[in-house]
Amino acid sequence: MTQPAISVRNVSKRFGDTLVLKDINLEVPRGQVSCLIGPSGSGKSTLLRCMAFLEEASAGMIEIEGEALGFSEKDGKRRRQTAAELRRTRSKIGMVFQQFNLWPHMTALGNVSMALRRVRGLGRKEAEARAMAQLVKVGLEARAGHYPSQLSGGQQQRVAIARALALEPTIMLFDEPTSALDPELTGEVLNVMRALADEGMTMVVVTHEIGFAASVGNNVCFLDHGQLLFHDTPETVFAAPRHPRLEQFLDTYLDRGAQMLR
Amino acid sequence: MSFDFAVILAKAPQILAGLGVTILIWVAGTLLAAILGFLVATARRYGGRLADLVLSVPVEVIRGTPFLVQIFLLYFGGPYIGLRLDPIAAGLLGLTIYGAAYYAEIFRAGFQSVPPGHSEAADCVGLTRMQTILHVQLPEMALLVLPPSMNMAVILLKETALLSLITVPEMTMTVQAIGSQQYAFVESIVVLALVYWALVELANFLGRLAERRLSTYSA
C-alpha cells in the first residue's frame, strides 16, 4: 500500500477542560478529495487545523507524507520541532481559510507572489510571473492589481486559493471555504476546487456543502462531538446512512432542499 | 507696560540654535523611542511569558512616573552608578526611554489589531516569524498605530522643554535666558509658545499626509 498523504494517529485535542478531538485515527489517501463533515462544534475544523499545525494536538501524531508534523517522537518522547523543521514539513501543505485571510495591504498579485519572493527568494519579475499563472488558474488575472477590499468574497477566496497554490504544495486543506460567502458566490469557488480535484490534487475539505462532498469527494468523514464516527465513500455515506446521528444530521440538509442526494 | 518683541527677535540666531537642538533631540528621540518601543512590544508578544512579565515592569514604572523625575534621576542620579552623561546625551536617552514605554503600548495594541488568521496564512506559506512581522503585521497595523504615534511624537516634542532643567541648550533654555537678560520674560514665553505650536502643526500635517498615503488600500 502506498504511503498516505496525511496520517493522523491517536490525535486528541483539548481546550482547557473540553476534549474537542477524541483519539482520532485517519489516513488521507493521495490524489483524493476527503471531506470532513459534521455539525458545528464537532471538531472538524480543529482536526483540519491540526493537520496544518495551526492547532497543536494535545496527544498523538500527525504525519505529512511520512514526516512528523510539529512534534517529533524520539525514544518515546514528544519534542516540539524547531520553526525551520516545521516550515519544511508545512511546505507540502496549502491552507485555505473560511475568512480568506488575505493581506489587505497587498494587491491580489502581491498576496500570491509574497511567498515566492520571501520564501523561495525569487526576484520580483519571476515571482510575479508565476503568481500571475496561479491567478489565471483561478480566473482572476484581470483582478491582479486589485486590493482585497476591492474584490467580492468569492474573488477573495479564489485569490486565497491561488496564494496557497503558489508554492506548489502537494496537499490542499480547505477550512469551510464557502461558509463566509453569499450563496451565489459559492459556485465560483467550488468550481475552482473541482478543477483542482480533477488535476489529482490531494484535498481535505471541511465543508457544509453536502452536494460538493457527494459529487467531488472520494471519502467522507463524519465527526460528531470530537469523534470520528465513520469514514467511507460518499455513495455509502449518503445513500444509506446507517448511523442514527448521521441520519439526523443529513435530515437538516434535506429540509434545505438537498433531496436529490438520496 | 508694553510688549517689545524686537529685543527677543534680535537674538534670532541664538534662538535658531536652540531650536536646532530641540528638533534634533525630538526627531532622534522619537525615532529611537518608536524603534525601541516596537522591539519591546515584539519581545513581549513573542518572547514567552517570562519576557512579557519582565518587560512589563519598566514599561509600567516609566508610564507611572513624571518625565521630569526620570530625567533628574538619569542626569543627577546616573553618576552614582557610573553613568556620566553630558546634558544632550542624557536628554536624548531620557526622551528615548520615556517615549519607548508609550510606543511599546501603541505597538502592543497594533499587534492585537491584526487578525490572527492573517499571521496564520503567513505561517502556512512558510514565512518566518520575522518576515511575518515585517511584511504582514507591521504594514497592516500601520494605519491604526499612526494617529497615536503622531500624537505621542507631539507630546514628546513638548516634553523636550523640561530638558532645560538639566541644562540642555535647547529652545526653552535659550529663550528663557534671553528673556531674563533682556528683561522681556513674558515676550520670550510668547515666542516660545508660538514656535512650539508651529512645530506641532507641522508634525500634524506630516502625520495626515502619511495617513492619506497609507489608506490607499482600505475600502
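**Figure 1. Loop residue N101 of chain A in the predicted model.** N101(A) is buried, with a relative accessible area of 8%, in a model that is predicted. This residue is found in the loop of chain A that runs between β8 (93–96) and α3 (108–118). Although N101(A) is not a glycine, its phi is positive, at about 55 degrees. For context, most residues other than glycine have a negative phi.

**Figure 2. Loop residue E65 of chain A.** The loop between β4 (59–64) and β5 (67–68) of chain A holds E65(A), a residue other than glycine whose phi is positive, near 45 degrees. E65(A) has a relative accessibility of 17% and therefore counts as buried, the cut-off for that class being under 20% relative accessible area.

**Figure 3. Helix α1 of chain A and the residue that follows.** Helix α1 of chain A spans residues 44–51, and because eight of its eight residues are buried, the helix is largely enclosed by the rest of the structure. The buried residues of α1(A) include the charged K44(A) and R49(A), and among the others are S45(A), T46(A), L47(A), L48(A), C50(A) and M51(A). Just after α1(A) comes F53(A), which takes a positive phi of about 60 degrees.

**Figure 4. An aromatic pair between a strand and a helix of chain A.** Over all chains, the count of aromatic pairs comes to ten. In the pair formed by F222(A) and F249(A), the ring centres are 5.3 Å apart and the planes stand at 50 degrees, so the pair is tilted. F222(A) belongs to strand β11 (residues 219–224) of chain A and F249(A) to helix α9 (residues 244–254) of chain A, so the pair ties together parts that lie 27 residues apart in sequence. Both F222(A) and F249(A) are buried.

**Figure 5. Arginine side chains over aromatic rings in chain A.** The charged end of R78(A) sits over the ring of F71(A), at 3.8 Å from the centre of that ring. In a second example, R163(A) lies over the face of W103(A), where the distance to the ring centre is 4.3 Å.

**Figure 6. Packing of helices α2 and α5 in chain B.** Two packed helices are described by the angle between their axes and the distance between the axes. In chain B, helix α2 (residues 12–46) and helix α5 (residues 87–113) pack at an angle of about 40 degrees, with their axes 5 Å apart. That angle makes α2(B) oblique to α5(B), and the crossing of the two helices is right-handed. Sorted by class, the contact of α2(B) with α5(B) has 20 nonpolar, eight polar and four charged residues. Elsewhere among the aromatic side chains, ring pairs link F38(B), Y46(B), F107(B) and F111(B) into a cluster.

Figure 7. R129(B) lies in helix α7 (residues 129–159) of chain B and, at 37% relative accessibility, counts as partly exposed. Along the chain, R129(B) and V59(B) are 70 residues apart, and their C-alpha atoms are separated by 24 Å.

Conventions
Residues numbered from 1 in each chain as written. Chains lettered and ligands numbered in written order. Predicted model: local features only at pLDDT ≥ 70, side-chain atom pairs only at ≥ 80, totals over all residues. Heavy atoms only, no water. Axes fitted to C-alpha atoms, helices over the stretch in contact; angles between N-to-C directions. Helix = DSSP H or I, 4+ residues; strand = E, 2+ residues; numbered from the N terminus. Parallel < 35°, antiparallel > 145°, perpendicular 65-115°, else oblique. Left-handed = near helix turned anticlockwise from the far one by under 90°. Phe/Tyr/Trp six-rings, centres within 6.5 Å; stacked < 30°, edge-to-face > 60°. Buried < 20%, exposed > 50% of the residue type's maximum accessible area, 1.4 Å probe, protein only. Lys NZ or Arg CZ within 6 Å of the ring centre and 35° of its normal.
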